[in-house]
Amino acid sequence: MFKRLSAVEERYEEVTNLLCDPDVISDTKKLRELSKEQSSLEDMVTAYREYKSVLTQLDDSKAMFEEKLDDEMREMVKMEIAELSKSKEELENRLKILLLPKDPNDDKNVIVEIRGAAGGDEAALFASSLYRMYTRFAERHGFKIDVMEANETDIGGFKEIVFAVNGRGAYSKLKFESGAHRVQRIPSTESGGRIHTSTATVLVLPEVEEVDVEISDKDIRIDTFCSSGAGGQSVNTTKSAVRVTHLPTGIMVSCQDEKSQHSNKDKALKILRARLSDFYRQQANAEIDANRKSLVGTGDRSERIRTYNFPQSRVTDHRIGLTLHRLEGILDGDMDEIIDNLIMHEQTELMKNDASA
């Protein structure tokens, strides 16, 4: 492990020096690549240097303990050795986690798509609840929400809503949310007091930059049409809404949230890049993805990943068997306990695989 950490530190210093090179500074692409690499190594190098410092302090304290000391000083040194030994163990565990293969998308913004599924109006209302949950979660973490497309129902739900969550590390926090979310509650329209079960699907995609997925003009068809639904005076008066069709794959994206046709086109292309990236990744990694199912689920939208039970104020994540009895807080965005447990589960599985490799 320490040979790998030493090599990482050497590479970090090399990259830091390269970032001061005039030739690199003048090359925008190279500068961007090296800056991202430096950022990805920084936490590991910082922890490794802290670990080396703790080792040095621990050796010094142990050497001092062997000297002739009065009882009070000996007790102080003994306490210091205990504290440093604890720090050493904690840093070793942290470094093991930092050395695990990192998802290259973890630092990216995300595009989230929520759709009401089984359950009609109740499913659409649940989709709205999930949107509010992610919005509140984003606020707690300093992320910014940008709605890209919304198809509302007459009673305030969403047949579909697509939005971006912008902020470093957004994907690392939300990537486990893809899948079918199930709600069990008594709808307001239910006169008999019976519990209904409805579902909404969530898809989380890392935002893809133009340099990562190139879209040729000849491969897309762009149609414009009048907006519909809520939106004020501009609705149905100007052709501001945009539909982009990717001809080779048939993937289609519509966007009408903005009043400007240009803004809607930009948003539609951003969603299209994310969907294309996901499409190509699934094609290339179909076999690998099947092997990864043992981690935290496949993320397939047809898979039930979580149940929200209102009568018992219970939320259960079926992938890791975690049940919490504080549904109201979770729907208000207090999701960290669930997400932290999912991350820990993935790290544990990766460490097992790393040890057996």
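Modeller: Let us begin with strand β4 (residues 179-185) and strand β5 (residues 196-206), which run antiparallel and are joined by seven bridges. Here strands are DSSP runs of E with at least two residues, helices are runs of H or I with at least four, and both are numbered from the N terminus; two strands pair if DSSP finds at least two bridges between them. Within this pair, G179 stands opposite V202 in β5.

Biologist: Before we go on, what kind of model is this, and how are the residues numbered?

Modeller: This is a predicted model, in which local features need pLDDT of at least 70 and side-chain atom pairs count only at pLDDT 80 or more, while totals for chains, interfaces and linings use all residues. Residues are numbered from 1 along each chain as its sequence is written, and side-chain values use heavy atoms, with hydrogens and water left out.

Biologist: OK, which sheet do those two strands sit in, and what is the order?

Modeller: They belong to an open sheet of eight strands with mixed pairing, and the order is β2-β3-β1-β5-β4-β9-β10-β11. The edges are β2 (144-152) and β11 (322-324), and because each has a single partner strand, one side of each is left without a neighbour in the sheet. From one strand to the next, the twist averages 15°, where axes are lines fitted to C-alpha atoms, for helices over the stretch in contact, and angles run from 0 to 180 degrees between N-to-C directions.

Biologist: Which helix packs on that sheet?

Modeller: Helix α5 (residues 121-140) does, touching β1 (110-116), β2, β3 (158-166), β4, β5 and β9 (304-309), and its direction makes about 45° with that of β5. Contact means heavy atoms within 4.5 Å.

Biologist: And β9, what does it pair with?

Modeller: On one hand, β4 and β9 pair in the parallel sense over five bridges, with R304 as the bridge partner of A180. On the other, β9 pairs with strand β10 (residues 314-317) in the antiparallel sense over four bridges, and T307 stands opposite T316 in β10. The two strands β9 and β10 form a hairpin with four residues between them, and S313 in the turn has a positive phi of about 50°.

Biologist: Why is β9 called largely enclosed?

Modeller: Five of its six residues are buried, so β9 is largely enclosed by the rest of the structure; buried means under 20% relative accessible area, exposed over 50%, and partly exposed in between, with a 1.4 Å probe and protein chains only.

Biologist: Switching topic, which residues touch the most other members of the largest nonpolar core?

Modeller: That core has 35 residues, and I114, L130, Y134, V165 and Y308 touch the most other members. A nonpolar core is a set of buried Ala, Val, Leu, Ile, Met, Phe, Trp, Tyr and Cys residues joined through side-chain atoms within 4.5 Å. The largest share of this core, eight residues, comes from α5.

Biologist: What is Y134 in contact with?

Modeller: Leaving aside neighbours within four places in sequence, Y134 is in contact with I114, I145, F163, L174, E177, H181, V202 and M335.

Biologist: Last one, how many strands are in the sheet with β7, and how is it paired?

Modeller: Three strands form that open sheet, in the order β6-β7-β8, and the pairing is antiparallel. Five bridges join strand β7 (residues 241-246) to β8, and in β8 the bridge partner of H246 is I251.
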